[in-house]
Amino acid sequence: MLARMLAGLLPLHARSAASCYRRATAARESGDWTRAIAWYRRVLDAAPDHAEAHNDLGIALCAVKDFAGARAAFARALDLRAGFVSAQVNLGQLLQSEFHDYRAAALHYREALAVEPAQLQARHNLALVLYERGLVEEAMACLRETLRRTPGDALAHEFMLFMSHALAQRDADEWHAEHCRWGQRQAQGISRQVHAPADAARRLRIGYVSADLREHATAGFMLPILALHDRKNFDVFCYSNSDEADARTSEMQQQVHGWRNIDGVDDARAAQLILADGIDILVDLSGHTRGNRLGVFARKPAPVQISYLGYLDTSGMPAMDYRISDAVADPPGVSERLHSERLLRLPQTLWCYQPPVDAPAVAPLPAERNGFITFGSFNHVAKLNARVLNVWAELLQRVPASRLQLLAMPDEETAARIRAVLVNYGIDAARIRSLPRLARAQYWPMYAEADIALDPFPYTGGATSCDALWMGLPVVSLAGDFGFARSAATVLVNAGLAQFVAEDERQYLDIALRLAGAVPELADLRRGLRERLARSPLLDAPRFVAALEQLYRAAWRGAAGAGEIPC
């Protein structure tokens, strides 16, 4: 009664706005975004200065992918209330994920943190945008501050594990300990499923878990595996942790016995789903990359759990039994101490490359028409650390007419920062060409503009190395200690190009100089690289899948107590 009396004292438009806002909230909570948008608009008709309604409208518009409308709604909320932390974070996230305006996103996150220093989402996202702009040390500092404030923040800790691979200098033992510390913390308080021994020879159910079963490098490597699995002996399931789907997703769905979307499904429920599917071997394709479901693996829903492909390092998890690699990426006697899992090594390569159908024919060597060598970088800017730029600057100095093409710059400010580093070494800025991230149709022609691909270090390239070779470019790489630092090395060795793998920076420079100084030989190499790659183990998908299945079977026999497991 009192509430009705007080409501009667409010202006009609205020009562109307409050009623509409309640209806909008109810529609949003039920997942009816169209109705929610309609009710939020009615709120704003009655109360145009309702900052919360503008912010909530932005969230609803994001849900229906009206990103321009959402951007305007969040901006209006901030016009009305400058210190509106939620709107700052929401606008930053929209600019980051959909508009790829990392600089502006970072500004919004910083403004949110100035008002609310403990805002975790803002700190997480700020670290990610700093990394996207190649500011790895700043990103790591942001995450360390997050952990200082919130020591139990598993996500910040996990971001650090991943980003550590891009550090110019990285202590492998230190970061192995950090991985194991993360794994032990994640295991606390979680009950692991106990599995009874099973028939070692029976038909097996394999489950793959990933957020990247779409147009992504991981999916490119997985397609031939899914297509060629032995249907007589294996049932194959995929567990997708993404709400994104495309033609590549559809292609993969057609190759498997079961497809489950676990995006938005909590870890315990997802583990129960996998258990109900009777999965024998559960394979993680993400590791400590974004979108992973390691919390599911912590519950041990399958008798055998394996890490493969997406993260060339240990998970640090007691519940992860094995990691699959090869002897080049993870040299025997070196990598074992850096893993909580037991290493299973494929006989040749850990990569099964499927040449993209949209890749054009190999173009003639650009140096023959240009009269100068063009070096190309096709990797993420976070990998271009001070050590890499120092070696590249010396290379450009020693090949005076050469050019450097840098692909995948997130913004002009980042490109200018990298140019400034090289200019400081005495390199003319006119010799440096910076290009943004490109759609696939524009990505492939960039290989036609470069003569030699320069691999960064210590975080080397996998898919980009394969792409470069397929487009006729030799790749110069420096092999580090294990995993990510030897990703390109195993590509080159398996392509029969071990001569382009350096053991130190001086040898890296010598290899690049030798290639740059032999244009006729470089042109011959370019013409034959695609055929060489096609004949290599990297493209022998039937042999690769058979070897992978042998490892699966051996791991299963080991779990069943029926045999030794190869390493």
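I looked up the largest nonpolar core first: it has 192 residues. I took such a core as buried Ala, Val, Leu, Ile, Met, Phe, Trp, Tyr and Cys residues joined through side-chain atoms within 4.5 Å, with buried meaning under 20% relative accessible area (1.4 Å probe, protein chains only). Met163, Tyr208, Phe375, Trp392, Leu454 and Tyr552 have the most contacts inside this core. Helix 24 gives the most to the core, with nine residues.

This is a predicted model, in which local features need pLDDT of at least 70 and side-chain atom pairs count only at pLDDT 80 or more, while totals for chains, interfaces and linings use all residues. Residues are numbered from 1 along each chain as its sequence is written, and side-chain values use heavy atoms, without hydrogens and water.

I then listed the contacts (heavy atoms within 4.5 Å) of Trp392. Leaving out residues up to four places away in sequence, Trp392 touches Leu454 and Tyr508, among others.

Next I traced the sheet, using DSSP runs for helices (H or I, at least four residues) and strands (E, at least two), and at least two DSSP bridges for a strand pair. The sheet is open, with seven strands in the order 3-2-1-4-5-6-7 and parallel pairing. Strand 3 (258-261) and strand 7 (342-346) are its edges.

Strand 1 (residues 204-210) and strand 4 (residues 281-284) are joined by four bridges. In this region I found Val209 opposite Asp284.

Last, I noted that helix 24 (residues 541-559) lies across strands including strand 1 and strand 7, at about 150 degrees to strand 7. Angles run from 0 to 180 degrees between N-to-C directions, with axes fitted to C-alpha atoms, for helices over the stretch in contact.

Conventions
Buried < 20%, exposed > 50% of the residue type's maximum accessible area, 1.4 Å probe, protein only.
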